[in-house]
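Keep the structure open as you read.

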Amino acid sequence: MKKLQLLCASLMLLLTVTVNAAELRLNLENPDVRKCLIEATEDEGWELKASYMNDNEKLVMIFVKGTQTRSYTSL
């Protein structure tokens with residue numbers, strides 16, 4: 001039983017890491033969401049480098065911190 005619990009916990013941790021590394025999709029059409037995203041990322045030291053509409057007419061925001069890059073795409 002303990003092995004099964006350990007396996008489940010390991011899978012959940014792996015899934016969490018995978019989701020955090022993936023491109024995130026938010027409702028960036030909402031100005032409150034954009035404002036909160038910008039404020040939260042600035043507090044963590046991220047800088048907004050680009051904001052554009054992609055080929056699917058979705059808003060994309062790119063943030064950079066050192067050599068790391070995060071992109072957020074609207075729903």
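A contact, by the way, means heavy atoms within 4.5 Å. Where pLDDT is low, the predicted coordinates should not be read in detail. For the chain as a whole, the average is 78, and 72% of the residues score at least 70.

Some ground rules: this is a predicted model, with local features needing pLDDT of at least 70 and side-chain atom pairs counted only at pLDDT 80 or more, while totals for chains, interfaces and linings use all residues. Residues are numbered from 1 along each chain as its sequence is written, and side-chain values use heavy atoms, leaving out hydrogens and water.

Now the layout. The chain has two helices and four strands, in the order α-β-α-β-β-β along the sequence. These elements are DSSP runs numbered from the N terminus (helices are H or I, at least four residues; strands are E, at least two). Of the 75 residues, 17% are buried, meaning under 20% relative accessible area, with exposed over 50% and partly exposed in between (1.4 Å probe, protein chains only).

Take a look at the hairpin. Strand 2 (residues 47-53) and strand 3 (residues 59-65) run antiparallel, joined by six bridges; two strands pair if DSSP finds at least two bridges between them. E47 has V64 in strand 3 as its bridge partner. Five residues lie between the strands, and E57 takes a positive phi near 60° in this hairpin.

L59 lies in strand 3. Why does L59 count as buried? Its relative accessible area is 12%. Residues touching L59 include L28, R34, Y52 and Y72, with those up to four places away in sequence not counted. L59 and Y72 are 13 residues apart in sequence, with their C-alphas 8.2 Å apart.

Y72 also brings us to the rings. There is one aromatic pair, where Phe, Tyr and Trp rings (six-membered for Trp) pair if their centres lie within 6.5 Å; planes under 30 degrees apart are stacked, over 60 edge-to-face and the rest tilted. F63 and Y72 make that pair, edge-to-face at 5.7 Å centre to centre and 80° between the planes. F63 counts as buried because its relative accessibility is 1%, and Y72 is buried at 7%.

Methods. pLDDT is the predictor's confidence in each residue, from 0 to 100.
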